[in-house]
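Dear colleague,

Please find the structure below, followed by a short account of what was found in it.

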Amino acid sequence: MAFNLTRRKFLQTATLAAASVPLANVVTAQAGVAKSPFTPSGTMADKTMVGGICEMCFWRCQLVGKVRGNKLMKLEGNPKSIDNGQSICARGNAGVQLLYDRDRLKYPMKNVGQRGAPKWKRISWDEALDTCAKKLKATEQKFGAKGICMFPHGASAKYPMQYLEHTVGTPNVSEASFFQCRGIRDTAFLATIGTPPGENVDMANAKVIFGLGCHFGENVHVSHTKRYLKGLENGAKLIIVDPRFSASAAKADEWVAVKPGTDTALMLGMMNYIIQQGKHNKAFIDKHGIGFAEFKESIAEWTIEKTAQTCDVPADQIKRVADLLADNAPNVSIHPGRHVSWHGNDFQRQRSLGCMMGLLGAMGVKGSFVKGKGPKGVGKVGWPKGEHHVEAMHVAAGIYPYSPPGTPTDLIRDAAITGAPYPIKSCVIWGQNPIQTIPNQQKTIDMLKQMDFVMCVDVMPTDITMYADILLPEASYLERYDFIKTGTQWDLSGKQQQYISARMPMVMADFERKDQVYITNEIAKRMGYGDKIPVSALPEMVDMQLAGAGLSIAKLIAEDGIHLQPGIDPYGVADDLLVYFNNAEIADYGYPASPTYIAVEEVPAGHFRLLYGRSPVHTFNRTQNNVWLHHAMPENPVWINDEMAKELSLVNGDRVYCVNSEGVKSRNTTIVKVTPGIRKDCVYMAHGYGTKNPAMSVGAGAGIDDQALITILAVDPETGCHGMRNNFVKLVKA
Amino acid sequence: MQYGMVIDIKKCVGCHACTIACKAEWEVPADKDRNWVHRLGPDNTPHGLASTYYPGLCNHCNEPACVPVCPADIIQKTFTDKKSGKTKTLEVAATYKDPFNGTVQIDKERCLGCGACADACPYNARYVNENQINEELGSEGTADKCTYCMPRVEMGLEPACVQTCLARARIFGDLDDPNSEVSRYKKMGAKSLSSVNVNIGSNGLYYGNKRDMALLTATSTPQVMPEANMRRILMAKMKPGFNKAKKLGMLGLVGAVAMKGMKEDKE
Amino acid sequence: MSATQEPIRLAEIFRFLAQTMRYPESSWFTDDFLSVFKELLVQLGHVPQKSLPAKITDAILEEIQVDYTRLFINGVPHVVAPPYASIYIDGTLNSTTADKTREYFRSHGFDITTNEFPDHLVTELDFIALLEDEKQGSSEEFLRLYFRPWFAQFRDLVLAEAEVSYLKTAVEVIDFFTRIETEADSGQAA
Ligand code: SF4
Ligand code: SF4
Ligand code: SF4
């Protein structure tokens with residue numbers, strides 16, 4: 001259409017007399033509202049907001065925000081921080097682009113199309129909340145609270161999760177941070193040394209740092225990485241066990257290119273060797289060890305030769321590494337790992353790491369496993385427990401005795417799909433993207449398709465949001481109060497200090513984004529739980545929590561966002577510490593009482609084992625649409641051994657698809673990285689790429705989504721957590 | 001005084017924080033860079049398997065290739081030493097080397113956005129921000145690059161990339177001061193990425209173990225001065241003509257022609 | 001009530017155009033509104049297409065809302081035409097261009113009153129209306145330096161991708177009223 005006149009002409013002649021009302025009458029809204037070359041002025045002079053706490057990853061560094069007008073220009077580490085200091089990582093720096101991501105959710109929306117093929121319509125909060133409450137209530141009434149399941153992630157999901165778990169009363173909550181990540185570590189260490197370990201190794205003061213699959217540098221958490229680097233600077237020897245020459249292996253004194261899946265055997269072989277050499281810490285074991293004799297006997301079969309053969313590692317190197325550990329004990333950091341859901345034999349491997357700590361007495365002393373002593377007093381605010389307590393499915397069935405809190409993911413999916421032991425008909429997804437966190441995507445989709453109701457709360461239109469009926473836009477970590485972060489100075493041997501900080505907004509939420517307390521409370525009121533609401537607003541919750549430590553938001557602001565107080569020396573071994581080398585309770589449940597290697601499936605001919613890991617610019621799959629981060633590493637090259645590449649006539653930069661042994665082909669292609677720095681039996685790619693939701697206009701189509709290729713399910717029998725490195729792929733030229 | 005930066009690749013973990021902090025600090029467009037991190041290897045070197053990083057930025061060279069090619073108007077510019085208050089007046093185009101602190105800077109008000117400097121830099125440290133057009137000059141954009149964060153440094157702050165680096169792998173300071181940390185690194189053997197043909201006194205120095213340095217220098221040392229250089233120098237010689245064009249109000253036209261020529265050049 | 005016979009003021013038109021680009025809601029997206037819109041098209045020498053609805057029903061409103069959401073808020077495959085200058089000029093939302101736009105507002109004695117970004121289409125049209133209120137023709141500079149450089153790209157996306165013709169037409173009308181007219185244009189028809 002072209003208008004056949006000029007504006008001048010129009011203004012001369014036109015009249016709108018024929019319209020039913022004058023022009024001005026139909027305009028109802030209130031109106032909202034020196035040219036020179038651009039010289040960026042920098043953010044030094046901008047207003048500084050204190051009290052930021054990063055959540056580009058879960059490490060949660062302390063920030064300040066540089067604000068110009070009402071716009072956040074830049075984030076920096078809070079100069080008062082004794083944890084991350086003024087440093088933040090690439091993702092932390094890129095938080096600004098999450099805040100202003102063009103694809104970010106802005107308004108509540110209703111899906112008037114299909115689940116998976118949504119058509120969105122912006123709706124009012126009232127309509128959205130009414131719908132959510134009505135649908136959840138309907139499920140609750142028809143199937144009981146257990147008919148509702150939840151997939152939460154992040155600080156904002158805690159409050160609604162408690163509402164559903166405690167007050168509504170469903171046990172069907174599955175956190176990816178447990179079941180697809182670190183849950184196994186926590187329960188395995190609980191069953192070994194009586195405490196979940198976190199990443200609490202005093203690497204800064206270690207003589208040897210030992211990492212199994214740890215790839216610091218690609219995996220970045222500021223104060224954690226600072227400890228690691230300080231250790232190296234102080235001359236610590238670094239041992240990295242990894243099938244790939246990772247960022248850490250590149251800095252290591254020993255790179256142990258273990259055959260994937262056999263790590264437990266390596267640990268057992270080394271421990272057996274150390275015992276044979278008489279280099280174990282007998283005094284420590286006598287005092288703290290339980291079942292050492294049974295343990296010793298149980299691992300006696302792991303000779304150096306057998307270990308070398310099983311793990312495909314030179315016998316000499318195994319001895320060298322074991323000697324290095326034993327000779328420097330107890331000032332040795334055996335890193336407990338973080339993402340440990342690898343092969344479905346992971347509980348045993350994590351136990352073996354705990355046993356190694358015990359064997360070397362590498363606990364409580366400088367450079368070993370040491371937990372900082374953080375401040376006490378920060379209060380808890382939570383939803384009250386309802387009258388009816390429903391047992392989780394695995395508890396009722398007597399399986400997965402070492403499951404982390406919540407319900408193992410596959411039990412929920414299976415129940416939803418089959419209706420047994422009972423139907424699950426409503427699904428609340430809060431900050432998690434189960435499509436890219438849980439293996440076997442089709443199964444997740446099947447689960448969602450059969451639901452009566454699916455709601456998502458997120459900041460970004462992640463893959464899972466395509467399956468929502470109602471999609472709610474959440475205030476990001478830069479726009480709300482919530483998380484209380486406490487801890488100590490990053491270098492445990494430094495001046496002993498403690499800190500307390502609470503997340504405060506850097507800017508106010510734009511558009512109609514709301515925080516978790518508002519959303520949860522409004523739904524609770526509408527579901528008839530209004531009388532159970534613990535707090536009316538987020539700042540109130542934070543103030544209540546801080547009050548326990550004699551603080552408040554106002555006080556924290558006056559202290560530049562961080563309260564510091566004298567700390568406590570963290571070193572020393574508690575008299576009642578027990579290390580369960582052999583744990584009879586585990587045997588009672590029918591699993592090996594001493595750490596045992598369970599072989600994983602061999603790689604089928606013509607395939608490679610698919611390994612994945614972190615990229616320093618991404619956190620899981622949450623950051624892939626961030627323009628700054630995307631530009632830093634736009635895709636995830638697939639690493640392949642140079643000799644194998646030659647056989648397959650692949651050269652650096654070739655574009656390939658991946659096809660797994662079950663015939664699933666990657667949606668996108670990526671480039672090949674040919675390198676001598678990876679074993680011949682596996683390929684590797686960084687996780688967190690290739691979202692399937694085209695609504696993520698930056699990340700969609702960029703790189704391969706490794707999760708899509710993980711279709712063979714391995715479930716760790718003790719914990720019910722997923723193992724995700726038992727899938728095999730071919731590379732096919734695009 | 002000569003500011004310089006050492007990057008200790010023994011410490012660097014390749015986290016890219018430096019790159020992103022710079023973007024935020026100086027409003028660098030998402031797809032452009034004032035600094036960068038290239039991931040190198042794993043690859044074999046004479047000293048064993050290596051994998052490291054090339055965190056790069058403008059080297060504020062002693063004989064910058066970008067400065068003489070700038071075809072913008074020559075003006076008299078007075079520089080002031082921030083410490084002593086001394087002044088010095090030099091004839092400069094739109095990009096110049098500061099006689100007091102040794103940094104290479106761009107005069108945004110007068111930049112024509114022609115990209116001659118960006119073409120001339122063997123380290124690829126400059127880009128033209130095509131969204132920032134100077135209406136009055138009829139420019140094609142504005143050249144931009146690392147300033148060593150002079151506005152921050154003058155306020156007593158560290159450069160943004162240095163401040164955020166969790167590894168403390170970036171060390172900034174005065175190479176003329178023998179007691180500075182950067183000079184200490186230089187004495188320990190930190191060296192620039194220079195080759196036979198590209199040896200223009202880079203003040204960006206790298207320090208690391210043998211294998212990492214072998215990989216870094218083998219992959220990231222520029223070997224030839226950019227070809228476009230000759231053409232730009234020619235352009236620079238035409239400066240009087242350029243000035244005349246400006247007086248006649250023809251600059252927009254000339255600029256457009258120059259841009260076109262440059263693009264053809266690349267093909 | 002009969003409509004005014006007075007010449008139409010450009011400011012009023014811009015205010016109206018801003019309205020056309022707000023999220024359509026039953027509170028204002030009425031038959032009256034549509035009647036004005038259609039009459040404007042008639043005056044522009046254009047017989048409104050049949051595809052413009054005759055009456056607003058719930059179904060029609062929803063159809064427009066869905067298309068609006070997909071085009072301008074969040075969509076599948078992705079938001080088609082984010083109505084923000086920054087996206088087209090800088091490639092990122094709420095970046096330098098947004099700041100410069102706000103600076104321009106301020107240097108003319110205005111500021112934003114909503115929690116929208118300053119470079120949103122509606123905000124810019126509102127601002128143009130305010131300028132025109134003060135002095136006819138005073139929006140020329142803003143149009144040339146701030147509005148047109150991105151609007152043309154935005155317009156093309158909407159014309160190519162919009163499903164409901166109301167939104168397409170509205171964008172075309174905005175295009176007409178914001179085009180920079182040269183001497184040559186004033187003489188003859190396009
Ligand atoms: S490590 Fe990085 S992403 Fe994680 S909290 Fe710290 S700054 Fe944020
Ligand atoms: S911030 Fe420091 S450690 Fe990270 S890539 Fe840059 S120089 Fe290396
Ligand atoms: S010194 Fe400043 S301008 Fe230069 S790369 Fe670092 S942050 Fe960027």
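**Second largest pocket**

The lining of the second largest pocket divides into 26 nonpolar, 15 polar and 8 charged residues (Ala, Val, Leu, Ile, Met, Phe, Trp, Tyr, Cys and Pro count as nonpolar, Asp, Glu, Lys and Arg as charged, and the others, Gly among them, as polar). The model is predicted, so local features need pLDDT of at least 70 and side-chain atom pairs pLDDT 80 or more, while totals for chains, interfaces and linings use all residues. Residues are numbered from 1 along each chain as written, chains are lettered from A and ligands numbered from 1 in the order written, and side-chain values use heavy atoms, without hydrogens and water.

A pocket is an open set of points on a 1 Å grid over the protein atoms alone, with protein on both sides within 12 Å along at least five of seven lines; a cavity is a set where a 1.4 Å probe fits but cannot get out, and lining residues have an atom within 4 Å of a point. The pocket's volume, the space filled by probe spheres set on points joined across faces, edges and corners, is about 970 Å³. Among its 49 lining residues, A:Ala632, A:Met633, B:Val37, B:His38 and B:Arg39 lie nearest the centre.

**Largest cavity**

The largest cavity holds about 240 Å³ of space. It is lined by 23 residues, with A:Trp628, B:Glu27, C:Thr92, C:Ser95 and C:Thr96 closest to its centre. By class, 11 of the lining residues are nonpolar, 8 polar and 4 charged.

**Ligand 3**

The shell around ligand 3 has 9 nonpolar, 2 polar and 1 charged residues.

With kind regards
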